[in-house]
Amino acid sequence: MALTAQDIARVAHLARLELPPEESERALSQINGFFGLVAQMAAVPTQGIEPMAHSVELAAAAALRLREDVASEPNQREANQQSAPAVERGLFLVPKVIE
Amino acid sequence: MSNPSKSLHDMSVAELAAGLKARRFSALETAQHFLARAQADRSGSFLAFNPEATLAQARASDARLATGTGGPLEGVPLGHKDIFVTRDFATTAGSKMLEGYRSPFDATVVSRLADAGMVTLGKLNCDEFAMGSGNENSAYGAVNNPWDSRRVPGGSSGGSAAAIAARLVPAATGTDTGGSIRQPASFCGITGIKPTYGRASRYGMIAYASSLDQGGPMARSAEDCALLLSAMCGPDPDRDSTSLDVPAEDFSAKLNDDLSGLRIGIAKEFFGEGLAADVRAAVDGALAELTRLGATLVPISLPRTELAIPVYYIIAPAEASSNLSRYDGVKFGHRAKSYSDLESMYKKTRAEGFGSEVKRRIMTGTYVLSHGYYDAYYLQAQKIRRMIAQDFQDAFGQCDVIAGPVAPTVAWEIGQNAGDPVADYLADIFTLPASLAGLPGLSVPAGFGAHNMPVGLQLIGNYFQEARLLNVAHRLQQVSDVHLRKPEGV
């Protein structure tokens with residue numbers, strides 16, 4: 001199944017990517033090139049097979065554990081904001097969200 | 001040491017550690033020596049230096065060496081792939097998105113290696129967010145392969161592999177999501193190992209595909225990789241929820257074990273018509289050496305090898321599309337200069353900050369996760385992922401390790417696959433299956449192929465069999481000098 005220009009536009013919007021028309025066309029042909037490989041996957045019978053999200057269950061006898069629900073990190077506001085594009089009085093600045 | 005006049009940059013990690021401990025040379029002069037070489041290099045391997053921080057670390061190492069309190073790798077320099085965040089060095093992940101980014105903390109792997117005494121020389125080039133097979137997707141330029149500057153070093157840990165081959169660093173960190181340690185190691189004639197998924201902490205490793213990403217060491221020999229891997233691994237339960245509760249291990253302990261009776265599985269799917277004849281000849285040569293050391297070759301089958309390509313290139317982009325949604329121009333990284341509202345800020349910021357391969361994978365991932373396509377693509381890929389993992393378990397019923405090529409060809413020329421991402425994807429065929437299964441995999445120099453370019457032998461083990469893989473590679477390196485050869489002009 002090939003993607004259309006509308007699919008690319010929809011996906012680019014969902015992924016919050018601005019795509020100029022020429023980039024959009026290139027993406028369409030390259031992504032469709034890849035989906036040519038995906039066709040062989042659809043033909044594989046997988047009834048009754050559990051999806052595998054992670055290899056951990058196979059590798060480890062012990063299940064992954066949860067850590068204690070306690071705050072362990074010190075306050076590092078300044079260090080954490082040193083690479084922010086726009087900060088004022090310790091707050092991240094963004095364009096107006098609510099009119 | 002056998003040769004007292006050997007240059008520092010020709011010494012192995014083991015030799016450097018011994019020489020430093022015996023105080024034949026200082027950590028400071030070692031750091032200065034490598035830093036001078038690295039800063040004079042023009043291959044594009046390094047992205048960031050901080051000589052002040054490097055020399056301060058070296059002086060601290062010398063102080064510990066003077067009092068005999070140094071760690072096992074005290075004073076030995078290394079470079080970190082620019083995917084690991086570092087407090088003292090800028091971190092970019094090879095992306096414009098993170099230009100000038102400074103992390104408030106060190107990745108766990110970075111601090112564990114520092115605790116072992118290692119001195120950081122700088123940060124190494126890589127494909128943007130580790131997405132690529134030739135280091136050509138770095139926003140900061142391609143890296144030249146030291147064996148032929150017109151060719152790629154492999155990827156995504158291309159800067160790490162090239163810097164080791166060019167003797168700019170004795171060792172480096174890399175990360176492997178679909179082959180990004182093993183394939184550049186093969187292309188540059190060095191040794192690299194990706195441990196079992198979950199053994200090395202992912203904390204501070206900039207995320208690409210979280211169920212696959214795994215850090216590991218790269219160096220010239222298996223012996224050196226074992227030294228670094230021993231320092232890197234171990235539980236990090238409070239900071240990485242997928243860090244396995246498996247104790248740290250001394251991966252050097254079994255390096256010299258006898259290979260008699262070792263059963264090496266040879267998957268017919270790894271030796272099909274897609275494999276170049278020159279690569280096959282080099283791999284066969286290394287396998288013949290291993291049989292002379294007492295191993296036997298056992299035919300096995302990994303029937304879903306080809307399916308690993310679509311499965312990986314669905315799952316990894318799906319995870320990437322989620323992971324990379326954090327780059328929104330708010331908390332860190334690039335923000336577009338002009339925009340009209342919040343949504344246009346997001347869209348312009350991401351359009352400007354990401355390169356074309358990253359955008360392609362984000363879009364592919366968004367598509368396969370979107371309503372109406374999730375079951376057909378993402379879920380189907382995860383089901384086949386389980387079948388691929390099960391194929392390995394069936395194979396390990398008949399053999400102890402699996403051996404084969406790392407990549408179908410030697411390193412290609414820079415620009416050769418431009419505009420054809422699928423060509424790069426296809427070249428990952430032999431490394432993707434072990435990644436999907438979460439198994440440890442290693443690349444060890446096997447010989448040389450077309451254009452006198454290096455060829456690696458891939459060894460895949462069952463979960464937690466890293467020591468066995470390093471043992472096989474080490475025994476091979478004791479009877480072979482392939483890993484000791486140097487590119488011309490180095």
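Which residues have the most contacts inside the largest nonpolar core? They are B:I164, B:V169, B:L228, B:V311, B:I314, B:L459 and B:L470, in a core of 169 residues. This is a predicted model, in which local features need pLDDT of at least 70 and side-chain atom pairs count only at pLDDT 80 or more, while totals for chains, interfaces and linings use all residues. Residues are numbered from 1 along each chain as its sequence is written, and chains are lettered from A in the order in which they are written.

**The core**
- A nonpolar core is a set of buried Ala, Val, Leu, Ile, Met, Phe, Trp, Tyr and Cys residues joined through C-beta atoms within 7 Å; buried means that 20 or more other C-beta atoms, placed from the backbone, lie within 10 Å of a residue's own.
- Helix 9 of chain B supplies the largest share of this core, ten residues (helices are DSSP runs of H or I, at least four residues, and strands are runs of E, at least two, numbered from the N terminus).
- Beyond its neighbours within four places in sequence, B:V311 is in contact with A:M41, B:A381, B:I384, B:R385, B:I388 and B:L436 (contact: C-beta atoms, placed from the backbone, within 7 Å).

**Helix 2 of chain A**
- The buried residues of this helix are A:A27, A:I31, A:F34, A:F35, A:V38 and A:M41.
- Their cover includes helix 1 (5-14) of chain A and, from chain B, helix 9 (308-323), helix 11 (356-369), helix 12 (374-395) and helix 13 (421-426).

**Chain B**
- Chain B contains 15 helices and eleven strands.
- Of its 490 residues, 63% are buried.
- The C-alpha atoms of chain B fill a box of roughly 65 × 55 × 45 Å along the principal axes.

Terms used
Buried ≥ 20, exposed ≤ 12 C-beta atoms within 10 Å, placed from the backbone. Contact = placed C-beta atoms within 7 Å.
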